[in-house]
Each structure stands twice: as structure tokens, then as C-alpha cells.
Amino acid sequence: MTESLEKVLYVVVCAAGPAAEVGHLVASAQDEGWIVQIVATPSALDFIDVAELERRTGRPVRSSYRKPHEPKPPRADAIIVAPATYNTVNKFALGIADTYALGLLAEAPGLGIPVVVLPFVNPALAVRAPYLRSVAELRADGVRVLAGPGEDEPFPWKSALMELGR
């Protein structure tokens, strides 16, 4: 099967504790036949093993826009944002595109690209009105925002991937 016939999954990783374990999502997605492209927010680069993720995916981890001479990456067939921080959820809902990751997210619903968001937000922020409004606005825009894990629960990487199959 050639790369152009396979589905491309962008995994947007934010700066939160579970980011170090994003390899679990990559492995599960690859087991299901996805080509995986990691896109990290600038802050997330300190939370992930960039070299290992590049080895595993065979692709560079992207955190900034490409230079004009660099090849254009394949367009995403779907996007998973995991872990999604309070900041990213709110900016995504408002259409703020001040990073490469948020720029991709801002245009995805308008391009018809399915987006699944798996938040990792502390309980004090998860009950705040700005966050609740953002989740409601994203859902109204067709984005699937899943319930985040509780404080002592393992991060449910596979639930985001399963949501793409629905």
C-alpha cells in the first residue's frame, strides 16, 4: 500500500503530564493502519521524547510552520488532540491560531477534517465557565470533545482513537 492510499492521523500533543506517553496512541494508531504525524505545541516539546517519536513514526515532529523549501506534509484525514490543555481547548474554540498546532486546529472543522479532543485539565479549571463554554462551542462546531480522566485514572489514549471509528 502506498502512503497516498493510507490515512494520515495528526496527533496534536500539548504540554501536560500524559504527553510523555503519547507513544501509546502512536502505536495503537499504527496498528490500525494510520500514518501518524506528531504535531507538538512549542511547550510540549519538553514533555515528549522527540527522537523516539520521530523514529517510531518515520516523520519529523512538527511544532512550527515549514519553511518554503521544505516539503509539504500530507493533509490530515483526522486529528486527535491529546492531551489537550485548558489553554489549547480555549484557544481552539476561539479560533486563535498563534502556533502551528492551533493553526491546524483552527482550519480543520472548516475543511471537514474530523477532530477528537481528549482534555487533560485539572478539576479547578474544568469547572470554569470559559472552559465549559469552549467545550460547548467546539462540540457545536462538530469537534468531538471527550471527557477527560479523573485525577487518579490512567490517560485513556485508545478512547480518542476509538472515537474516530464512530
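Residues are numbered from 1 along each chain as its sequence is written, and side-chain values use heavy atoms, with hydrogens and water left out. Because the model is predicted, local features need pLDDT of at least 70 and side-chain atom pairs count only at pLDDT 80 or more, while totals for chains, interfaces and linings use all residues.

## The sheet

Helices (H or I, at least four residues) and strands (E, at least two) are DSSP runs, numbered from the N terminus. Two strands are taken to pair if DSSP finds at least two bridges between them. Five strands form an open sheet with parallel pairing, in the order β2-β1-β3-β4-β5. At its edges are β2 (35-40) and β5 (144-145), each of which pairs on one side only. Strands of a sheet pair through backbone hydrogen bonds, either parallel or antiparallel.

Strand β1 covers residues 8-13. Six bridges connect β1 with β2 in the parallel sense, and V12 stands opposite V39 in β2. Strand β1 also runs parallel to strand β3 (residues 78-84), to which four bridges join it; here L9 stands opposite A78.

A residue is called buried under 20% relative accessible area, exposed over 50% and partly exposed in between (1.4 Å probe, protein chains only). Six of the six residues of β1 are buried, so this strand is largely enclosed by the rest of the structure. In a regular strand the side chains alternate between the two faces of the sheet. In β1, V8, Y10 and V12 point one way, L9, V11 and V13 point the other way, and all are buried.

Strand β3 contains P83. The peptide bond that leads from A82 to P83 is cis, with omega near -10°.

## A buried glutamine

Q37 has its place in strand β2. Its relative accessibility is 3%, so Q37 counts as buried. A polar atom of the Q37 side chain lies 2.7 Å from the backbone oxygen of P60. Contact means heavy atoms within 4.5 Å. Leaving out residues up to four places away in sequence, Q37 touches L9, Y10 and V11, and also R59, P60, V61 and R62.

## Salt bridges

A salt bridge is a side-chain nitrogen of Lys or Arg within 4 Å of a carboxyl oxygen of Asp or Glu. The structure holds three of them.

| Pair | N to O distance |
|---|---|
| R55 and E52 | 2.7 Å |
| R56 and E52 | 3.6 Å |
| K91 and D98 | 2.7 Å |

E52, R55 and R56 are linked in a network of salt bridges. R55 and E52 are three residues apart in helix α2 (residues 50-57), so about one helical turn separates them. R56 and E52 are four residues apart in α2, and therefore also separated by about one helical turn. With a relative accessible area of 57%, R55 is exposed. E52 is partly exposed at 27%, and R56 is partly exposed at 31%. In the pair with K91, D98 is partly exposed, with a relative accessible area of 47%.

## Nonpolar cores

In soluble globular proteins, nonpolar side chains tend to be buried together. A nonpolar core is a set of buried Ala, Val, Leu, Ile, Met, Phe, Trp, Tyr and Cys residues joined through side-chain atoms within 4.5 Å. The largest nonpolar core has 29 residues, of which I79, V81, F92, L105, V115 and V117 touch the most other members. At least two residues of this core come from each of β1, β2, β3, α3 (86-94), α4 (100-111), β4 and α6 (129-140). Helix α4 gives the most, with six residues. A second, separate core of 27 residues includes V26, I38, A44 and A160.

V117, a member of the largest core, touches V81, A84, V89, F92, V143, R144, V145 and L146, not counting residues up to four places away in sequence.

Conventions: A polar contact is a pair of N or O atoms within 3.5 Å; within protein, one must be able to donate a hydrogen and the other to accept it, and residues adjacent in sequence count only if both atoms are side-chain atoms.
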